[in-house]
Amino acid sequence: MKDENKEHKNDTTAIHIDGMFQNWFLDYASYVILERAVPAIHDGLKPVQRRIMHAMNEMDDGRFNKVANVIGQTMQYHPHGDASIGDALVNIGQKELLFDTQGNWGDVRTGDSAAAPRYIEVRLSKFAKDVSFNADITEWQLSYDGRKKEPITLPMKFPLLLSQGADGIAVGLSTKILPHNFIELCEASINYLEGKRFRLLPDFPTGGFVDVSEYNKGERGGKVKVRAKIDVVDKKTLAIREIPFGTTTGSLIESILKAQDKGKIKIKKVIDNTAKEVEVLIELVPGSDPDVTIDALYAFTDCQSSISVNACVIVDEKPRFMNVHEILELSTERTKELLKRELEIKQNELNEKWHFSSLEKIFIEKRIYRNIEECETWEDVIETIDKGLKPYKKLFRREITTDDIVRLTEIKIKRISKYDGFKADEEMKAIEEQLKQVAHDLKHLTEFTVAFFQQLIKKYGKGRERKTEIKGFEEIEVKQVAATNAKLYVNREEGFFGTGLKKDEFVCECSDLDDIIVFTRAGKLMVSRLGDKKFIGKDIIHIAVWKKNDERTAYNLAYYDGGSKRTFVKRFNVTGITRDKEYDLTQGAAGSKVLYFTANPNSESELVKVQLHPNSTARIKEFEFDFGTIEIKGRGANGNTLTKYPVRKVELLEKGKSSIGGMKIWFDEKFGRIVNEEKEKAKYLGEFNTGDQIIVAYKNGDVELTNFELTNKYETDDLVAIEKFNPEKPYSAVYFDGDKKEYFVKRFMVEIKTEKYKTSIVTEHPKSVLLIFTGAKEAWVKFNVLKGKAKEKVEEEVKLNDIIDVKGWKALGNRLTQFDVTGKIHEVNKIPTEVEMGTTIELEVNPKAGKKGNQGDLF
């Protein structure tokens, strides 16, 4: 023992733990990346998925196998237990592409799990057999225990990775590839092979909507927004028909109920009627606006979510970040190469078949087999046959080998006796035709690959059309759609405000997301988040909900300055602040105070009467002042001097007009909303003041008057026209009468009966449809008609004012023309309206669409 200790002391070799850890960690990280989490570019599969596919191909006999048996078979190749194999197998099966399944495999829409492996069955689909397997062109390796051979990658002749999608978390990196549409992938591969441009966008099995404006081809840093498809059943009910990718009906309902509990949305109850199709009904509380509730669902629940993408794949045994276009291009090139190798193998097989058929024909027809009757040894037999074939060797495409001669000796006498030379010639001609075709395909390999993808679409594309609608999402202003789940109270004297002061003065209903602006008699301003009870400062003179960047609300202020002893007036906006910071609206001198204050939502000016103190030395003790004479500036401005004498009282005489004019409104066709800032492709509707309205016309003939609230939403698919309403001018319309099968013109004044007005101006037939609606002073339309016995097409242009005078909106109207109309009817804007109309839709003749209901209050 002492000698051993001496040896250890003399041993200078030291193993450092940190070095061991570094090596082990790198080995572990590499293993997880390459063998567990990240799919390979060549076949789009992770190792466990590839091993499942290989095991099922080995078991395949056309019949279904118990999933438990498949798991057991796969465990020969996969060393990580049955749970990971079972989960991966169910995941592939639920995508309904590579496997045919039988039994309860769960539901990705509801989150229901599959039945136990012993109760469900699976087999490879025809598609999987067509594109995934070919032992002749597969590279093999030994399994983890060295007992079996498994494929390094499958010879996948399809961009499976983009079709199925993938996600995984490895050590130091992750991958997230979204699924894409089967047909679109095949078409994109065809376009790539033909040198055309293509675009790939995700498609989800759950349907819904997707905004791909930031998809960035699926590269790292890109993202998509997904939304549920929500329909308005009626004014009291919403229905979710399709859910966002990554959610289930259960998680979606849970998020809606949580938002309800927090007061973010106002609903009565949620009913899950999901069976074969998704249907989640949401009953609204009375008085709720369905469109605003839909926006609130998108803002506060899982009805909208964002998914970040990060396309990482294994290329040449290394992880590589790519975009989906690069993945498709590599996959398509590999498919082309695999098809080439298959064609070359087929060509070799056909050449061998032709070679032996030719040998057999000469051997039998030239009776060479008779020459071997006298041979005594095997070597003599081989030599005699070779000698007999010698005159014909120049006819062959390759050298005749000993193996070829041995095969000839194995031909049975029965075959020789029944040999049909004519049939053999026909078979050889067929082989030669096949060889020509294969040679042609190899020469035109690109066209052959294109035909392969076209055949995939034809054979397997049915029922795989796009499920997710691509649509741009507008940014939802959270505060704008938040439910009024709180009540604001104030104690002006003590200087408190909040939701808990229920015994004090009620101010308004609001959301717990709102900011509250408060002004005090001392000339102080503060903005603070709504709370249960907050102290601002005694003697509150104004409190309201504050909107950031609100340039329309102007505050008119007269204050006494304790330093100069003068009275100042100012007008200002409060567009941006720091929460809970106190701002001084006066000059900060002791004794300063507010004499007059008003908040004006449309920057109205005011005429006020100023009464000076009776003891002042001023000759005129009372005068008028117009706030419209001073400019609107920032809150920090000192203002203008109103008077140097002591002021007793300032009171309002009359409210003036807006100092900044009306609100300019645009219609955003992309999102079906009105906005107060100019956007690309948005239509300018005009300048709106208090009381102004918007007139909207729909395809089903409904004409509606609405206010210009920025929360309004219009269905652009059903919209014919939208513009600022002018009650003093007539409107012209062209519509198709579904009963009479003719086109009519009518001109009428809109008769306002209620603040919200809606009526139909076409007949009640389900195929009646509104084509043109315009407020132009002189409305013109052009169209083609068929005239004469020859039905010659002639273009006509008519002035609607000449066809009919202004009548009531209930009038049927006059016929547009006595001839048959063909093609489209176009509006011709010879004399523009006061403000150009927002939208005019062109419709085909003989519309088949029935009338659709639109949301709005009937008068």
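Reader: Which helix holds Ile385, and is Ile385 buried or exposed?

Author: This is a predicted model. Ile385 has a relative accessible area of 0%, and buried means under 20%. Ile385 therefore counts as buried. The helix that holds Ile385, residues 378–389, is H12.

Reader: Which residues does Ile385 contact, leaving aside neighbours within four places in sequence?

Author: Thr409 is 24 residues from Ile385 in sequence. In space the two are 8.9 Å apart, C-alpha to C-alpha. With neighbours within four places left aside, the contacts of Ile385 are Phe363, Ile368, Ile372, Ile405, Leu408 and Thr409.

Reader: Why does His542 count as buried?

Author: His542 is found in strand E24, residues 540–546. The cut-off for buried is under 20% relative accessible area. His542 counts as buried because its relative accessibility is 18%.

Reader: At what angle do H4 and H5 pack, and what does that make H4 to H5?

Author: H4 covers residues 67–74 and H5 residues 82–94. Their axes are 10 Å apart, and the packing angle is about 125°. Angles of 65 to 115 degrees count as roughly perpendicular and those over 145 as roughly antiparallel. An angle of about 125° therefore makes H4, relative to H5, oblique.

Reader: What is the handedness of the crossing, and which residues of H5 make the contact?

Author: H4 passes H5 in a right-handed crossing. From H4, the contact is made by Val67, Val70, Ile71 and Thr74. By class, the contact has five nonpolar, two polar and one charged residues. On the H5 side, the residues are Asp82, Ile85, Gly86 and Leu89.

Reader: Which element has the lowest mean pLDDT?

Author: The mean pLDDT of the protein is 86, and 90% of its residues reach 70 or more. Among the elements, strand E3 (residues 121–124) has the highest mean, 96. The lowest mean, 47, belongs to residues 2–10, helix H1.

Terms used:
Residues are numbered from 1 along each chain as its sequence is written. This is a predicted model: local features need pLDDT of at least 70, side-chain atom pairs count only at pLDDT 80 or more; totals for chains, interfaces and linings use all residues. Side-chain values use heavy atoms; hydrogens and water are left out. Axes are lines fitted to C-alpha atoms, for helices over the stretch in contact, and angles run from 0 to 180 degrees between N-to-C directions. Helices (H or I, at least four residues) and strands (E, at least two) are DSSP runs, numbered from the N terminus. Angles under 35 degrees count as roughly parallel, over 145 as roughly antiparallel, 65 to 115 as roughly perpendicular and the rest as oblique. A crossing is left-handed if the near helix is turned anticlockwise from the far one by less than a right angle, and right-handed if clockwise. Contact means heavy atoms within 4.5 Å. Ala, Val, Leu, Ile, Met, Phe, Trp, Tyr, Cys and Pro count as nonpolar, Asp, Glu, Lys and Arg as charged, and the others, Gly among them, as polar. pLDDT is the predictor's confidence in each residue, from 0 to 100. Buried means under 20% relative accessible area, exposed over 50%, partly exposed in between (1.4 Å probe, protein chains only).
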